[in-house]
Amino acid sequence: MIRRSWLGLYLCRPQRSYAIFRFLVTVFLLFRRRRRWLLWQPLEPEELVENIRSLGASFLKLAQVLATRADFFDPVYLLALRQLHDRMPAMNDKDRLRAFRRAFPDPEVFVHFNQVPLASASIGQVHKAELRDTHTIVAVKLLRENIQLQVRIDILLLNLFLKIFRPLFTDQTRHSIESLLKAFSRVVLQEVSMRQELANLEHFSQVYADSGIRFPVPYNEYCSDSALVMSFEEGVRIDDVTLIKSLDVSFSELMQKLVVFYVEQMLVKGFFHADPHPGNLLVSPTGELILLDFGMVSRIPQSMRQAMIYAVKAAYERDFELLVSATRKMGILTEDSDFNSLSSVAENLFEIFDSKHLKASSMQELAFGILNVMHDQPFKLPQDVIYVMRVSSLVEGIGTQYVENFNGIKDILPILWQNLPRALGEGGLSFERLKNEFIQLPLTVSKARKVVELAEQGELVVRMSVADRHYILERLKKHLQAISRLIFFLALAFYFQQLPQVWSVYLAVACLLAAAVVLFRQR
């Protein structure tokens with residue numbers, strides 16, 4: 001009953017709904033490069049930041065994603081959004097006690113539980129505690145009270161307002177914003193589940209066991225959807241220059257290890273930590289890198305990873321055909337894309353990847369340059385690509401803390417090129433690989449013969465890519481909607497024409513005009 005009444009109060013708060021409305025109006029106007037829509041103007045950068053802070057957890061997370069979107073915002077807005085940090089005041093005593101009791105029905109599992117959190121963010125807060133059974137010092141990540149319900153309602157309201165704005169969007173704008181909100185919704189719902197974070201942590205520990213990076217050890221028997229209990233990791237934040245230098249640790253080796261680790265995540269394994277800000281990276285007294293917070297984790301399918309690599313390769317080598325092929329596989333091309341637009345974008349990308357430009361550019365400038373090129377073009381940029389750009393910029397930001405002339409392009413790309421064969425599954429032609437290929441040769445010939453036979457019999461089935469299927473279904477949906485509207489207006493016109501009243505003639509004519517408009521727009 002308490003939860004229902006809380007939900008009702010939450011939905012009936014007009015200030016919050018209006019704040020969300022102003023936030024979306026600002027995004028809409030900035031994306032369309034317009035200064036006014038009806039009675040509203042976009043919020044100024046400082047006003048937008050305050051608006052997002054007032055809206056809380058979900059919108060802070062959304063702002064972190066938007067801060068990477070140079071195709072949405074002007075530089076002055078991007079600068080303001082990048083100053084937003086995922087830090088929130090700690091829960092009050094009442095909420096903290098309620099959250100603790102929900103997570104631990106038996107509070108006696110701890111000998112000591114520090115009531116003052118070590119860190120407090122929008123989703124949860126971390127406390128230091130001691131287990132009763134083993135007297136082990138642990139870190140307890142406690143989910144904020146009512147945060148799961150709040151996030152779900154925020155997503156509901158965002159999608160509701162998006163439907164209201166939908167008629168005002170071009171297909172390009174709609175594709176970009178819908179793709180952004182879909183990816184954001186998926187990630188933020190994972191973040192408010194401690195069981196999901198536990199699964200992410202365990203998977204990372206298995207997949208990257210030989211990476212040289214240390215991860216916290218979870219204590220599964222104490223974990224729930226409301227709390228995550230794990231080993232307490234001692235270390236120094238990676239951006240604390242003074243303390244890192246006092247450890248007598250080689251920073252160049254740390255960065256080499258970090259970059260190789262992220263190349264492995266994003267391009268080889270496809271399972272990567274999407275939030276490597278300095279607070280989530282510690283350096284132990286012995287020089288080990290420790291990675292924390294596995295709430296924001298993303299997966300990139302192998303087809304997408306390879307397509308991204310080929311797109312970079314095509315831009316670097318000015319290979320237009322390869323670029324077209326890679327962008328189709330990535331789902332960047334929409335139904336409105338045409339050869340001339342793609343040719344224009346390709347030329348701009350080739351300029352960005354020109355060797356002279358690369359030497360003077362940073363990873364962040366490269367990412368923003370690509371996004372600026374994509375703006376106002378009938379393409380959509382997958383959120384996977386945006387996350388990779390964001391991670392690259394964050395890693396570069398860590399590097400610039402220690403090396404004045406650290407450059408993401410100059411220092412990271414060589415490591416990327418070294419790992420390309422592994423990422424593409426194109427290792428060297430070893431004896432073992434040649435032997436495997438020779439063994440599989442009869443099977444390959446058999447498959448080729450079967451394809452020819454099916455083609456001769458007219459039974460060859462060609463599978464379409466997801467992007468092509470989506471395109472055909474979207475076009476079919478539009479045609480069916482137009483036909484249904486046309487039938488509706490014609491039926492109304494016929495109905496009104498049968499009525500004896502004089503006014504019915506005018507209504508019949510109006511329905512015929514509406515049918516004509518539907519037909520004209522379809523053409």
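Strand β10 (residues 289-291) pairs with β5 in the parallel sense over 2 bridges; pairing here requires at least two DSSP bridges between two strands. The bridge partner of I213 in β10 is L289. Helix α11 (residues 251-269) packs on the sheet and touches β5, β9 (281-283) and β10, and its direction makes about 40° with that of β10. Contact means heavy atoms within 4.5 Å, while axes are lines fitted to C-alpha atoms, for helices over the stretch in contact, with angles running from 0 to 180 degrees between N-to-C directions.

The sheet itself is open, with 4 strands in the order β5-β10-β9-β7 and mixed pairing. Its edge strands, β5 (213-214) and β7 (236-237), each pair on one side only.

## How the model is read

This is a predicted model, where local features need pLDDT of at least 70 and side-chain atom pairs count only at pLDDT 80 or more, though totals for chains, interfaces and linings use all residues. Residues are numbered from 1 along each chain as its sequence is written, and side-chain values use heavy atoms, leaving out hydrogens and water.

## The chain overall

The chain has 21 helices and 11 strands, taken as DSSP runs numbered from the N terminus: helices are H or I with at least four residues, strands E with at least two. Of its 523 residues, 47% count as buried. Buried means under 20% relative accessible area, exposed over 50%, and partly exposed in between (1.4 Å probe, protein chains only).

Among contacts between residues at least 6 apart in sequence, 68% join residues at least 24 apart.

## An enclosed helix

Where does burial show up along a whole helix? In α4 (residues 57-66), 10 of the 10 residues are buried, so this helix is largely enclosed by the rest of the structure. Among them are F59, K61 and Q64.

## Out at the surface

R299 sits in strand β11 (residues 297-299) and counts as exposed because its relative accessibility is 55%. Leaving aside residues up to four places away in sequence, R299 touches H203, G270, F271 and D384. From R299 to Q265 the separation is 34 residues in sequence and 9.1 Å in space, C-alpha to C-alpha.

L473 lies in helix α20 (residues 466-498) and is exposed, with a relative accessible area of 55%.
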